[in-house]
Amino acid sequence: MSIDPDFWTQRRVLVTGHTGFKGAWLSLWLQALGARVTGLAPGPPTQPSLYELAGIGARMSGESAVDVRDAEGVLQALDEASPEIVLHLAAQPMVRRSLRDPAMTYAVNVMGTVNVLEAVRQAEGEVRAVVVVTSDKCYENTGEASRLFVEEDPLGGADPYSSSKACAELVTAAYRSSFFAADKESGPSGTRIASARAGNVIGGGDWGEDRLVGDIVRAVGAGGPVRVRNPRAVRPWQHVLNPLSGYLLLAQDLWRGDEAARAWNFGPRAGDEQTVGWIVERLGALWGGALSWELDEGANPPEAGYLALDSSAAERHLGWRPNWDVEEALKRVVEWHEAQRRGEDMRRMSLDQIAGFA
């Protein structure tokens, strides 16, 4: 199965978190497919932002400046948008921020998910498909080397962020079985819900706090070193368009039937799991040696030494493939940020990257 432009043309889609890094890329892709995209978010989380540089807001069908913690606001926004498909990406996505403000993290990531699904429930079947985006960090991870997590593995989380994403998975599963399962006569008919697990995404336009690529971009711009917390940690790096293509395929499959109403992993190609240090060195080389790094010896939270996903279910059942390997992903990061440095049209650059990917 491939992403079908005919399916998305004029489709009413609500994207929560549409001003964030992943949400902006997804909204831009949906706009290119001809969808009628409505966004729900308080505003861009960073300055600068892909959302602003690519002029995404000007081409939205509607926007609601609503925080997902606002249950009434979410309900009203969904009622006004009357979406056929909901893609829930709004989140507090930072591990270290979750340690500074755990209550806010749980409020956004857990109760925010409750509020979105409750609004869908009260829409009484008007929403046909819902994709709840969580994280690869939702698994109980002991750091075992070479372990690939599959969707049936236990959920967990040793920090508030990871734990909150595991909780969001439990919320999604409970709403699916209680209100949207095919055998629940009392539930709204025709609504199908799935969750998507991916993480360590990279791409142009990511200026997020405490995110490796964002830190590197800032260091290159300032001409100073990037501080690296754990250079030996292994992560499943992938370009942001890889999992986003999975979310679109998943929504298409949910529209056609309830077989896809479950949890799905969307990880990189086998062998693309690399250490943080390797990513820093490779980006430094692609930037022509304009990057140096130093070890951050400050007090840092513990991190799992290894994280990787088994995405074979999505490959078999959805026909999904991670089109770009990690080397191509890094080249595209540098291409995007060099174009932005030169003052180019970043909407055009971003659309060109989407076209090249698709």
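1. Leaving aside residues up to four places away in sequence, Arg-321 touches Ser-245 and Glu-315, where contact means heavy atoms within 4.5 Å. The model is a predicted one, in which local features need pLDDT of at least 70 and side-chain atom pairs count only at pLDDT 80 or more, while totals for chains, interfaces and linings use all residues. Residues are numbered from 1 along each chain as its sequence is written, and side-chain values use heavy atoms, with hydrogens and water left out.

2. Arg-321 sits in the loop between α11 (312-317) and α12 (326-341), helices being DSSP runs of H or I with at least four residues, numbered from the N terminus. Its side chain reaches the backbone oxygen of Glu-315 at 3.1 Å. Arg-321 counts as partly exposed because its relative accessibility is 46%, which falls between buried (under 20%) and exposed (over 50%), as judged with a 1.4 Å probe on protein chains only.

3. As for α9, 15 of its 16 residues are buried, so this helix is largely enclosed by the rest of the structure. Its end C-alpha atoms are 23 Å apart, which agrees with the 22 Å that its 16 residues should span at 1.5 Å a residue, the expected span being 1.5 Å times one less than the number of residues.

4. The lining of the second largest pocket draws at least two residues from each of α2 (21-33), α9 (241-256) and α13 (346-357). Lining residues have an atom within 4 Å of a point of the pocket, an open set on a 1 Å grid over the protein atoms alone, with protein on both sides within 12 Å along at least five of seven lines.

Note on methods. Polar contact = N/O pair within 3.5 Å; in protein donor to acceptor, adjacent residues only side chain to side chain.
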